[in-house]
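Please examine the model below together with its sequence. The paragraphs that follow lead through selected charged pairs, a sheet, a pocket and a single helix residue.

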Amino acid sequence: MKIVQELKDRGIAPAGNDAVLPYAVEPLDVRGRAVFLGPSLDRMLDRHDYPVSVSRLLAEAVTLVTLLGTSLKFDGRFTLQTQTDGPVSMLVVDFETPDGLRACAKFDADAVAAAEREGRSDAPSLLGKGHLAMTVDQGANMQLYQGIVELNGIGLEEVAHRYFLQSEQIPTVVRLAVAEILDRQEGSAPKHRWRAGGVLAQFLPEAPERMRVPDLHPGDAPDGADIHEVDEDDAWVEARTLVETLKDEELTDPELTVEQILFRLFHERGVRIFTPQAVEDRCRCSRERVEGMLRSFTEEEIRDMTKEENRIEVTCEFCSSQYDFDAGNILADVN
């Protein structure tokens, strides 16, 4: 509790849950972010009532997007989306600056249930093969930036490592963990909640040549093929190794704070923390936006959507909000 007390003595409140804490370890030329997610994650997942393994996978993706999206220095959006052949065919997590998160998943319920029974509910098994896209949208009149990572039996931590190696050429390490917690109180039913934690560290020395890292594994390269090998900078090796020592139990322990996690990792080198950035579960849907979307369809498409009593019902896949419209009013404007 030492670091928490020191913060209180300085008049600084701990970041708490649902707030990203930027930090720097200057002797190692490392900068990064750390986060614990709690109530916002509960709201996102509980409204969907997904199977446990799907909720866990989506929570991991939300944690990753939180770490990456809060680094944006402009008004815009950061989106992670998967398209795969696994039991969970699609994940979508969307971060809108400065603090809005929303997420949803599509999955085959029978395939997920079978995977859970067979003990194949880890991220690589649920995702299967396909690709993951990370898109940065800087707003109107600005070009989209998109990085794509092949999914072929890897988890989301490895996805992040490959994304930064391919797209940014920044040495990066990420640790993610998710836990389902049951709080037992005498005389009442156990209370369920989710907790997720993540730490991201990046090596950003002044001299670019120090940022060299080994290439991705060549896979099925023929025997005798040249493999580019480099010696990683000692400072980066130390920082990466420290982050990799984090256990899932530490990243999901409700008794720990992000400040304590960072102190455990880097206290020997000295870690400097900055102002936390809060995030929250917030969808962008509204009646006006949904109505505008409907008016973009053709007359035939609108008639196909129309149900009994000439109504059109739309449910937001992210927040489960339901909207009801008179099809005649929509068609009148289309015509």
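**Charged pairs, sheet and pocket**

R269 and E238 form a salt bridge in which the closest N and O atoms are 2.7 Å apart. R269 is partly exposed, its relative accessibility being 40%. E238 is likewise partly exposed, with a relative accessible area of 27%. These values, and those that follow, are computed from a predicted model.

In general terms, side chains of opposite charge can pair when their charged atoms come close. Under the criterion of a Lys or Arg side-chain nitrogen within 4 Å of an Asp or Glu carboxyl oxygen, the count comes to 20 salt bridges. One of them joins R272 to E26, with the closest N and O atoms 2.3 Å apart. This pair links distant parts of the chain, since R272 is in strand β10 (residues 272-273) and E26 is in the loop between β1 (19-25) and β2 (30-37), 246 residues apart. How accessible is R272? R272 has a relative accessible area of 39% and is therefore partly exposed. E26, at 44% relative accessibility, also counts as partly exposed.

Another salt bridge is formed by R311 and D326, whose closest N and O atoms are 3.6 Å apart. Here the linked parts of the chain are two strands: R311 is in β13 (residues 311-315) and D326 is in β14 (residues 322-326), 15 residues apart. R311 is partly exposed at 25% relative accessibility, and D326 is partly exposed with a relative accessible area of 27%. Salt bridges with shared partners also join D94, R102 and R284 into one network.

The next topic is a sheet. Strands of a sheet pair through backbone hydrogen bonds, either parallel or antiparallel. In this model, six strands make up an open sheet in the order β7-β6-β3-β4-β5-β12, and the pairing is mixed. Why is one side of β7 and of β12 left without a neighbour in the sheet? β7 (145-152) and β12 (280-281) stand at the edges and each has a single partner strand, so one side of each lacks a neighbour there. Within the sheet, strand β3 (residues 77-84) and strand β4 (residues 88-96) pair in the antiparallel sense over five bridges. T79 stands opposite D94 in β4; D94 is also one of the residues in the salt-bridge network with R102 and R284.

Attention now turns to the open space in the model. The largest pocket holds about 560 Å³ of space. Its lining comprises 22 residues, of which R33, S71, L72, K73 and Q202 are the closest to its centre. Each of β1, β2 and α6 (156-168) supplies at least two residues of this lining. By residue class, the lining of the largest pocket divides into 13 nonpolar, five polar and four charged residues.

S55 lies in helix α3, which spans residues 52-69. Is S55 buried or exposed? With a relative accessible area of 3%, S55 is buried, because the limit for that class is under 20%. Leaving aside residues up to four places away in sequence, S55 touches L45, Y50 and W194.

Methods: Residues are numbered from 1 along each chain as its sequence is written. This is a predicted model: local features need pLDDT of at least 70, side-chain atom pairs count only at pLDDT 80 or more; totals for chains, interfaces and linings use all residues. Side-chain values use heavy atoms; hydrogens and water are left out. Helices (H or I, at least four residues) and strands (E, at least two) are DSSP runs, numbered from the N terminus. Buried means under 20% relative accessible area, exposed over 50%, partly exposed in between (1.4 Å probe, protein chains only). Contact means heavy atoms within 4.5 Å. Two strands pair if DSSP finds at least two bridges between them. On a 1 Å grid over the protein atoms alone, a cavity is a set of points where a 1.4 Å probe fits but cannot get out, and a pocket is an open set with protein on both sides within 12 Å along at least five of seven lines; lining residues have an atom within 4 Å of a point. Grid points are joined across faces, edges and corners, and a volume is the space filled by probe spheres set on the points. Ala, Val, Leu, Ile, Met, Phe, Trp, Tyr, Cys and Pro count as nonpolar, Asp, Glu, Lys and Arg as charged, and the others, Gly among them, as polar.
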